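Thanks for coming, everyone. Today I want to talk about charged pairs, and then about the core. Please have a look at the model first.

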Amino acid sequence: MILEQNNIKENCLNIIKKEWQFAKATSPDFLTVINKEKKIENEESITIFSNNFKEQLNHFTRNPFMKKKWRKNTLGMFHDFLNSESILFIRHSMKQESFLSFQEELKDFLRHVRQFAPELSMEGIGQAIRNYIVYAMFNELNELQPHFNMAAFGYSMLYPFTDNYIDSEHYSLTEKNFYNQLIRNTIEGKKVHPNSTHQKKTCELLKAIELHYPRDSHSSIYMLLLMMLDAQEYSILQQSKEHQLSYEERLYISIYKGGTSVLIDRFFVKRELSQEDLIFYFGFGFFLQLADDLQDIKEDIEQGNQTIFTLDLHNKKLEHVVNKMFQFIHQITNSYQSKNDIFKDFILNNCYQLIFSSVLKSNEFFTKEYLHNLEPYFPITFSFLESMKHVPVMDKDTKKQIPYMKLLDELIKD
């Protein structure tokens, strides 16, 4: 199928917009209740793994002979947990060979991250790998063997490099426009003159895509990348202090930005793209954008970012939007004809979990009654998840993360 910009912007975008408008704002009646005993079992499993992992980290040694044993034991803990956990059920959704290859693919990804951008924080690494996992999930959904994809790496790394820059208050509108023009020129194959290490690496990430998808034979990917840039420039309007965006404008930006972003991930999957694929993946991207905005309500309010969730902060209004999210992702996923229905169900279930956890992260904006009604469907109690938020995490200061980076480097060694 030949991708055309008009087909995406006028056809796909309007179809997804209608799907969203038709999605009911009523409570989802298709969720599965998880009984109290199962929740307790899940919480015990998480607690045991968490405690054992912390203890294992404390046993890290500089002795070169003991490091090998430490690395083997630590990776073994992860492998055993993923094989036995009953929350995500990833092991039961993939064949053993694919499951093992998937783990190696992620380690390969992390090796490339550390080599390319050793200055990247743990938060930035997390952003990049989450985006890469979206591509990896699409690969599995299309029954393709997991394997590291350098083009998908370049695209996934663009997220912490570009979005965080555009969303930052530390850069002026002029600086952001210059940065976007630099990206546009690189995508179009024009000569560029980056004036910082950050800009230079951004161009290199785009070049990683070009290396695997030459411009003269893969024009679609460059069209999509330019559309993504266009969507990012639209999203700058969400930061405007002078112009109040309407609901329709905010919805358009969310669909356009989220849909285009994920459509690029799907492009890297070596399967032909049908019109049905186009609609599903575009809609899936919109859903992920909504999930991001849902968990960032407080931050967006503080920064003045205009999303669907910051338009009207009344509890009932927000609860209706969340209900529509459940209904929307349920509808588009179940109506999609997949090559791998088992993994499709896995993805859908984790979309539900993503909504739950995002609501809980923004729980101050929802009524206790609404949270109470959602809790039966979550694999652990909300109080347990809330308690985990108070467990000390690593300092956001990159310099103070150095010990953790050394641990990570040891774990992902060839």
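Glu-119 is partly exposed, at 40% relative accessibility. Keep in mind that this is a predicted model. Which side chain meets Glu-119 in a salt bridge? That is Lys-201, with N to O at 3.1 Å. Lys-201 lies in helix 8, residues 197-212, and Glu-119 in the loop between helix 4 and helix 5, so the pair ties together parts that are 82 residues apart in sequence. Lys-201 itself counts as buried, at 14% relative accessibility.

Next pair. Arg-114 forms a salt bridge with Asp-409, and their closest N and O atoms are 2.8 Å apart. This one links distant parts of the chain: Arg-114 sits in helix 4, Asp-409 in helix 18, 295 residues apart. Buried or exposed, what is Arg-114? Arg-114 is buried, with a relative accessible area of 15%. Asp-409 counts as partly exposed, at 28%.

Lys-9 is partly exposed, at 22% relative accessibility.

There is also a network: salt bridges link Lys-207, Glu-210 and Arg-215. How many salt bridges does a search of the whole structure find? It finds 15.

Now the core. The largest nonpolar core has 113 residues. Met-157 and Phe-268 have the most contacts inside it. Helix 11, residues 275-295, gives the most to this core, with 11 residues. Beyond its sequence neighbours within four places, Phe-268 is in contact with several residues, including Tyr-135, Ala-151 and Ile-209.

Conventions: Residues numbered from 1 in each chain as written. Predicted model: local features only at pLDDT ≥ 70, side-chain atom pairs only at ≥ 80, totals over all residues. Heavy atoms only, no water. Core = buried A, V, L, I, M, F, W, Y, C linked by side-chain atoms within 4.5 Å. Buried < 20%, exposed > 50% of the residue type's maximum accessible area, 1.4 Å probe, protein only. Helix = DSSP H or I, 4+ residues; strand = E, 2+ residues; numbered from the N terminus. Contact = heavy atoms within 4.5 Å. Salt bridge = Lys/Arg side-chain N within 4 Å of Asp/Glu carboxyl O.
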